[in-house]
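I wanted a quick look at the overall build of this protein and at one residue in it. My notes are below the picture.

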Amino acid sequence: MAPAFAWIELIFLAVSGASFVSFVVSPFIAWRKGYSPYLWLFACGPVGLIVIACLPSASTAQTPEQMELMQTRANTTGAILTGLALVISAMLIVPAMLIGV
């Protein structure tokens with residue numbers, strides 16, 4: 001039977017791998033759908049990937065005003081998810097640095 005820490009390491013590697021893939025794929029999908037890839041770069045990992053995958057393409061808009069509204073909503077969503085991911089990361093990293101982990 002494998003030690004308990006081996007399972008934790010495997011879970012950590014799986015989550016890290018899924019996050020890395022989503023960090024690469026989410027901005028690409030955003031770009032292909034007509035949204036800002038920079039705002040989707042760190043969009044909460046797999047959560048952001050699911051959100052951007054479910055959003056309609058901006059090119060499906062019937063009027064320029066509708067397209068602008070779709071882009072604004074999607075880019076705002078990406079910016080909020082990215083900001084949330086960065087805040088959560090800072091909340092996890094800074095205390096670890098302070099206690100010397």
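These entries go from the whole chain to a single side chain.

Before starting, I noted that this is a predicted model, with local features needing pLDDT of at least 70, side-chain atom pairs counting only at pLDDT 80 or more, and totals for chains, interfaces and linings using all residues. I also noted that residues are numbered from 1 along each chain as its sequence is written, and that side-chain values use heavy atoms, leaving out hydrogens and water.

**Fold.** I found three helices and zero strands, in the order α-α-α along the sequence. The radius of gyration is 17 Å, well over the 13 Å from the globule rule for 101 residues, so the protein is more spread out than a compact globule. (The radius is taken over C-alpha atoms; the rule is 2.2 Å times the number of residues to the power 0.38. Helices are DSSP runs of H or I, at least four residues; strands are runs of E, at least two.) The C-alpha atoms fill a box of roughly 60 × 35 × 15 Å along the principal axes.

**Burial.** I looked up how much is buried (under 20% relative accessible area, 1.4 Å probe, protein chains only): 23% of the 101 residues.

**Asn-75.** I placed Asn-75 in helix α3, residues 64-99. Asn-75 counts as buried because its relative accessibility is 17%. Leaving out residues up to four places away in sequence, Asn-75 touches Tyr-35, Ser-36, Leu-39 and Trp-40 (contact means heavy atoms within 4.5 Å). Trp-40 is 35 residues from Asn-75 along the chain, with 7.6 Å between their C-alpha atoms.

Conventions:
Buried < 20%, exposed > 50% of the residue type's maximum accessible area, 1.4 Å probe, protein only.
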